[in-house]
Amino acid sequence: MSNPFVRIVEPLDPKQPLKKFFNLSKLEDARYARLPFSIRILLEAAIRNCDEFLVKKGDVENILNWKVMQHKNVEVPFKPARVILQDFTGVPAVVDFAAMRDAVKKLGGDPEKINPICPADLVIDHSIQVDFNRQSDSLQKNQDLEFERNKERFEFLKWGSQAFKNLRIIPPGSGIIHQVNLEYLARVVMDQDGYFYPDSVVGTDSHTTMIDGLGVLGWGVGGIEAEAVMLGQPISMVLPEVVGYKLVGNPEPLVTSTDIVLTITKHLRQVGVVGKFVEFFGPGVAQLSIADRATIANMCPEYGATAAYFPVDDISIGYLIQTGRNKEKVMCTKRYLEAVGMLRDFKNSSQDPDFTQVVELDLHTVVPCCSGPKRPQDKVAVSEMKKDFETCLGAKQGFKGFQIAPDRHNSIIKLNFEGHDFELTHGSVVIAAITSCTNTSNPSVMLGAGLLAKKAVEAGLTVKPYIKTSLSPGSGVVTYYLRESGVMRYLSQLGFDVVGYGCMTCIGNSGPLPESVVEAITQGDLVAVGVLSGNRNFEGRVHPNTRANYLASPPLVIAYAIAGTVRIDFEKEPLGINASGKKIFLKDIWPTRNEIQAVERQFVIPGMFKEVYEKIETVNKAWNSLDAPSDKLYTWNPKSTYIKSPPFFDGLTLALQTPKTIEDAYVLLSFGDSVTTDHISPAGNIARNSPAARYLTSRGLTPREFNSYGSRRGNDAVMARGTFANIRLVNKFIDKQGPQTIHFPSGEILDVFDAAERYKQAGHPLIVLAGKEYGAGSSRDWAAKGPFLLGVKAVLAESYERIHRSNLVGMGVIPLQYLPGENAGTLGLTGRERYTIIIPEKLKPQMNVEIKLDTGKTFHAIMRFDTDVELTYFHNGGILNYMIRKMAS
């Protein structure tokens with residue numbers, strides 16, 4: 001059967017008559033033109049890679065009536081054009097590949113079949129930490145220390161780049177994965193031997209969605225799912241709903257793209273877009289640069305959608321030229337998109353697709369804002385920050401509360417730093433970081449921060465020396481235009497020196513605070529504050545000693561650093577008083593949009609991008625000098641505390657094991673809402689009194705050598721012990737925050753890992769109870785691998801974030817969901833019961849299963865295997881087991 005979606009059109013370039021083009025738009029049905037642009041790309045990718053798609057799922061009618069079909073669980077086999085990885089998720093992926101080669105060989109197969117078949121780029125950006133700041137040589141010192149700590153990991157990755165085809169490593173010091181993707185890696189349209197089709201990508205980082213701002217359909221997946229994609233397995237997904245987000249109006253002159261995205265994040269969390277696509281349209285989109293769009297798309301995980309898509313328009317084409325892409329290829333890209341009806345004009349409403357739901361935002365209504373103190377969706381207008389923080393101080397412990405006694409709200413703790421006396425109070429800023437791909441990719445906010453710094457210095461303002469300030473650009477291009485425009489020296493004078501090219505503070509690699517600062521915070525039990533231009537501020541993520549963390553634009557980060565506190569009303573109170581006794585207000589130094597745009601036009605030019613990216617793969621001398629083995633099978637070092645062969649495939653046979661009923665399971669932990677992957681598998685510091693620390697100490701390491709959980713993701717022994725090890729974990733079984741639980745057979749309170757080990761030794765299966773949005777946040781696969789290794793067989797939650805549910809499926813852990821309107825409270829569950837989960841012989845997607853308690857109570861829950869393919873993975877014990885059996889046979 002020929003595929004009716006495939007069409008060959010006349011070549012765009014008469015000089016190249018062999019060029020062929022995929023053209024879905026040539027269908028003789030006007031309904032195609034009403035499809036959302038994101039759905040067109042999704043279907044194109046499915047059809048291009050899966051000829052049996054229409055045979056399996058029906059005729060063209062099923063697809064053109066997508067708004068009807070999306071409610072019928074139509075399965076789409078999406079195979080993206082590319083995969084991108086960063087090192088925190090990339091190291092465990094390469095570890096898995098190495099272990100899978102061993103497993104395939106044991107089963108009699110060809111181990112070299114375990115190899116990426118599509119382009120895979122791995123950017124090393126998560127390893128560098130802010131160990132040094134406020135020094136002219138901070139960058140070099142941090143990079144040297146990064147190599148000292150991570151040499152073994154880097155050698156392993158270099159082995160992987162040689163052992164596996166199609167795997168390219170972008171060395172450390174190059175920039176943040178998503179900004180490198182936006183400025184360099186993204187193609188927009190793929191050209192494979194003269195065959196053109198839209199670029200699409202999945203990545204092992206949840207903020208892969210940033211590339212949607214350039215018109216490339218992409219989103220984050222767990223490392224487990226990405227590995228399967230690299231091995232040729234399509235992502236099986238249910239045809240999603242698409243929410244049309246209409247932008248109208250013009251933003252106010254003082255508003256930044258950060259303010260817009262924080263407003264959208266709160267709005268879409270209220271709308272509810274988990275598991276859906278969001279596609280932006282309307283005349284307001286034409287007012288946004290690609291950097292602005294990328295900022296909005298980047299925070300897609302924070303509002304819970306799968307993708308946040310901006311179709312390609314002329315501004316996108318202009319961005320490709322601005323960033324130094326080959327002009328001839330860019331023009332061919334444009335002609336292809338025009339030929340297939342995929343070039344968007346946002347001012348032309350006749351091009352507006354049909355959406356399942358439409359919501360609207362008038363950009364004129366956006367005001368300067370931050371988000372916090374504990375979640376990205378909790379937007380606070382800057383004009384309300386002082387009042388909001390003071391309300392949070394006394395509010396009940398929760399997302400917007402710290403439960404500080406009223407008589408302690410104005411506590412003052414003396415601090416001596418470098419021979420000078422200061423005072424810390426609740427709300428004092430101790431970390432101020434311009435960081436993260438979300439904002440450092442955007443020249444308007446970065447130059448805005450630089451111009452604000454210039455005006456602040458000229459007005460005589462300074463930043464208190466104990467505040468840990470840092471600037472970690474997303475690529476070398478940022479440093480280039482900050483330096484050329486003359487604002488870099490003013491940033492440095494305020495303490496915002498370049499400390500590294502990587503995620504740094506945004507992922508918790510904020511490094512240590514000065515001891516005297518930590519002592520003052522601890523002495524007063526202060527709610528100290530971190531202000532960062534990042535995308536996440538979950539508890540325990542940024543730094544263990546900053547209980548409140550606010551997301552803000554880069555100019556606001558500097559403003560709060562100068563003020564030294566978030567308890568300030570910028571309208572009524574000055575940022576500071578200069579040496580002449582003059583009060584300086586924020587409005588006195590805030591740059592106008594026209595000022596910023598004039599500097600941007602002059603200094604952000606194609607030559608910068610070409611110069612930086614021409615040498616990106618060879619410029620790091622330390623990386624070039626690394627030696628790595630050339631063997632196709634990895635030789636594991638039993639003494640290594642970084643790289644270890646995981647036990648996931650121990651005892652694997654070609655024969656499938658029938659899934660069994662889970663009998664008399666204990667509840668390991670009981671949670672409320674919004675438990676994030678940071679809670680489940682932290683990426684930052686390894687606490688010195690933790691099970692992971694005890695393991696590393698037993699291997700002869702000192703605390704200085706512990707590094708971070710993120711850097712240890714190639715070692716399952718560390719990561720299993722680090723599961724549920726977040727110091728801000730709230731377990732309903734325990735009356736205080738901390739990574740502990742009750743071992744019910746003995747009644748003892750133990751670290752979570754130690755309790756799980758006791759259960760495992762006694763042969764008891766485990767489950768986890770949770771509320772809404774379980775697994776929000778990062779795409780880290782260890783948030784599923786860790787519980788699997790602890791013996792968790794199932795999770796029972798009110799709702800799941802998309803990526804984490806997929807990761808659980810990938811590890812063979814059953815994601816169970818309460819029936820609508822039910823939860824632990826309505827069912828009277830305490831978590832102290834024992835649970836038997838009946839697994840029928842014949843399974844189907846999203847079926848109800850029976851759960852029996854040892855109390856005699858029975859109820860039902862939805863088994864969230866959403867597609868037939870996911871059930872196949874479950875029968876295999878997980879997606880990697882499935883791929884090994886497939887390759888071995």
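How many bridges join strand E11 (residues 242-248) to E14, and do the two run parallel or antiparallel? The legends below start with that pair and then visit other parts of this predicted model.

**Figure 1. Strands E11 and E14 meet side by side.** Six bridges join the two strands, and E11 and E14 run parallel. To follow one of these links yourself, find Lys 246 and look across to E14, where its bridge partner is Glu 360.

**Figure 2. Four strands make an open sheet.** Reading across the sheet, the order is E13-E12-E11-E14, and the pairing is parallel. At the edges you will find strand E13 (307-309) and strand E14 (357-362), each of which pairs on one side only. From one strand to the next, the twist averages 20 degrees. Now look for helix H9 (residues 257-271), which lies across E11, strand E12 (277-281) and E14. Helix H9 runs at about 150 degrees to E14.

**Figure 3. Five strands make another open sheet.** Here the order is E5-E4-E3-E8-E9, with parallel pairing.

**Figure 4. Strand E4 pairs with E5, and two helices lie across the five-stranded sheet.** Strand E4 (residues 120-123) is joined to E5 by four bridges, and the two run parallel. Within this pair, Val 123 stands opposite Ile 170 in E5. Helix H5 (residues 87-106) lies across strand E3 (82-86), E4 and E5, at about 110 degrees to E3. Helix H8 lies across E3, E4 and strand E8 (200-203), and runs at about 140 degrees to E3.

**Figure 5. The largest cavity holds about 210 Å³ of space.** The structure has nine cavities of 30 Å³ or more. Which residues lie nearest the centre of the largest one? They are Gln 86, His 126, Asp 205, Ile 507 and Arg 541, out of 23 lining residues. By class, this lining has seven nonpolar, 11 polar and five charged residues.

**Figure 6. The second largest cavity has a volume of about 130 Å³.** It is lined by 16 residues, and Glu 225, Ser 806, Glu 870, Tyr 873 and Ile 879 are the closest to its centre. Helix H8 (223-230), strand E10 (235-238), helix H30 (802-810) and helix H32 (868-875) give two or more residues each to this lining. The lining divides into nine nonpolar, five polar and two charged residues.

**Figure 7. The largest pocket has a volume of about 1200 Å³.** Its lining has 46 residues, with Asn 685, Ile 686, Pro 703, Phe 706 and Asn 707 closest to the centre. Helix H6 (138-163) and helix H19 (515-524) each supply at least two residues of the lining, and the largest share, four residues, comes from H6. Sorted by class, the lining has 18 nonpolar, 16 polar and 12 charged residues.

**Figure 8. Residues 693-818 carry a domain annotation.** An unreviewed UniProt entry annotates this stretch as "Aconitase A/isopropylmalate dehydratase small subunit swivel". Over these residues the chain is 32% helix and 18% strand. The end C-alpha atoms of the stretch are 36 Å apart.

Conventions. Residues numbered from 1 in each chain as written. Predicted model: local features only at pLDDT ≥ 70, side-chain atom pairs only at ≥ 80, totals over all residues. Heavy atoms only, no water. UniProt positions renumbered as here; feature names shortened; annotations may be inferred. Pairing = 2+ DSSP bridges. Axes fitted to C-alpha atoms, helices over the stretch in contact; angles between N-to-C directions. Contact = heavy atoms within 4.5 Å. 1 Å grid on protein atoms, 1.4 Å probe; cavity = no way out; pocket = protein on both sides within 12 Å on 5 of 7 lines; lining within 4 Å. Points joined across faces, edges and corners; volume = space filled by probe spheres on them. Nonpolar A, V, L, I, M, F, W, Y, C, P; charged D, E, K, R; others polar.
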